[in-house]
Amino acid sequence: MNYLIGTDIGTSGTKSILMDTEGNLIAQDLQEYDVLTPKPLWAEQWPDVWVEATKTSIRNAREKAGVSPEDIKGIAISGLYGGSGIPVDEHMKPVRPCLIWMDRRATEQEKWVKETIGEEKMRAITHNGIDPYYGYLKILWVKDNEPENWAKTKLFLPPNAYTIYELTGAVTIDYSSAGNIGGIFDMNTKTWSYELMDEMGIPRSMMPERLVECTEVVGTLTAQAAAEMGLKEGTPVISGGVDCGAASLGLGVFEPGVYAAAIGTSMCAALVHADTIKGKNLTEWPYVIEPKRLSYLFGGSATAGALIKWFRDNFAELEKEAELAGGENAYAVLDRKAAQIAPGSEGLIVLPYFMGERGPVWDTDAKGTIFGLSLTHTKAHVYRAFLETVAYSLRHTMECTSDDLGEYILIAGGVAKSKVWRQIFADVTGYPVVCPIHDVEANLGDVMLAGIATGLLTFDDVKKWQVLGDRIQPNPEAHEKYNRYYALYRKLYQDLKEDMRTLSEIR
């Protein structure tokens, strides 16, 4: 039997799965770690953490499966949006931590690009806007604020590309990762925009020359890397691209016209399309398959699952302690209590902007807000309001994407385990919700890409793998009620926008 490995480098952990070529999950392993937040709105990570987590999770998955290294025919590695990418020196050693997607520090660089180049030109070339979310502005922050590090930097590599280099020695970048850097990638020609790089003072040599598709082998395991992971030297390695793109593929999105939301630490809600859709205040980059034909247009809350985890860690200590003592899962307990609360949480609205917000809001100064509290509200009310705000954020993104999103929306991630949250998404959006039965997200997409790249599988083969659950239909009465709350949710941000900016200045 032949086997494939799919590894996804995430913001809070790296997970590897091992599957056979018939689509059966044999083993998996997760290695967790933390994000460095030295200042408010700063978020960075050292790449060695990702590399070691990749090696360990792959080794553990293979050992758990008990399969022979010779039977593993390929590994695909996807990764979080690495923002600036990892700055490496002439010896390919990291110069400083990577400024990841969550980092919002590049506000001065945002102002400079808006004044110097302008939004219109940027969107015409890159199909993307000007916001500290984008990697090119984080690169400019390093240039402007750390001249010693800038002088040492030879190249910027996204997390999966750096990890692939460590395993194979190949220096590459896949189209999805290149496009997601934003302002230096030409979406019209699917190449680096040397014009914009020159205008911003980013040397052309700092971007990898070799652009690769996620359906091609980019390198093979070195003897050292293979020994460390218990695999065979020469095992093919594939770039799985940006994790949310791989997750959409794992959900079964092979053609345009399917709307899918992957909800992890953040939410990536996207429509894969073949036609140009500009000016919607969303992010666009080449899709993980057919990158020169298909594009991935997405937005969504920067702190979706992170909000729910934050609530559990700070306000559900008793439930968490009970779980650690062998009791019921803390989230399951909170879900059960939230299910007893009426839609709208009896007058509570949360704004989910706990780390600023990316598209379609694009506001670094946006703040998390809990509106409508009274002495009658309980922890269950507030928790449900947190679940609801992620659904409001999804609806906002959907409305900015297209008028034609299909018959239903696909949702994957932690939400798939929560019956009450799935129903909230359906009721808020007014669309039926469908979740995969097996919640392996980006990892499944990685395995699919590995199989296609190595020639062991075809698209027809992998299209049969994803099994979806039943459609969760929206409740018409709940949807009507949520329409009123959603309108207030949208208005509330506009009403508080200037106050949020003032608060940032005071802070």
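Here is a friendly conversation about a predicted model, its helices, spaces and charged pairs.

Biologist: What should I know about this predicted model and its numbering?

Modeller: Local features need pLDDT of at least 70 and side-chain atom pairs count only at pLDDT 80 or more, while totals for chains, interfaces and linings use all residues. Side-chain values use heavy atoms, with hydrogens and water left out, and residues in each chain are numbered along the written sequence from 1.

Biologist: At roughly what angle do the axes of helix 10 and helix 16 cross?

Modeller: Helices here are DSSP runs (H or I, at least four residues), numbered from the N terminus. Axes are lines fitted to C-alpha atoms over the stretch in contact, with angles from 0 to 180 degrees between N-to-C directions. Helix 10 (residues 243-250) is roughly perpendicular to helix 16 (residues 441-453), a word used for 65 to 115 degrees, whereas under 35 is roughly parallel, over 145 roughly antiparallel and the rest oblique. Their axes come within 6 Å and cross at roughly 80°.

Biologist: Which residues of helix 12 make the contact with helix 13?

Modeller: The axes of helix 12 (residues 317-324) and helix 13 (residues 330-338) come within 8 Å and cross at roughly 135°, so the two are oblique to each other. Contact means heavy atoms within 4.5 Å. Helix 13 brings Ala-330, Val-333, Leu-334 and Lys-337, and helix 12 brings Glu-319, Lys-320 and Glu-323.

Biologist: Which residue forms a salt bridge with Glu-195?

Modeller: A salt bridge is a side-chain nitrogen of Lys or Arg within 4 Å of a carboxyl oxygen of Asp or Glu, and the whole structure has 28 of them. For Glu-195 the closest N and O atoms are 2.8 Å apart. Glu-195 lies in helix 8 (residues 194-200) and its partner in helix 3, so the pair ties together parts 74 residues apart in sequence. The partner is Lys-121.

Biologist: How much space lies in the largest cavity?

Modeller: On a 1 Å grid over the protein atoms alone, a cavity is a set of points where a 1.4 Å probe fits but cannot get out, and lining residues have an atom within 4 Å of a point. Points are joined across faces, edges and corners, and a volume is the space filled by probe spheres set on them. The lining residues include Leu-80, Tyr-81, Pro-158 and Val-242. The space in the largest cavity is about 60 Å³.

Note on methods. On a 1 Å grid over the protein atoms alone, a cavity is a set of points where a 1.4 Å probe fits but cannot get out, and a pocket is an open set with protein on both sides within 12 Å along at least five of seven lines; lining residues have an atom within 4 Å of a point.
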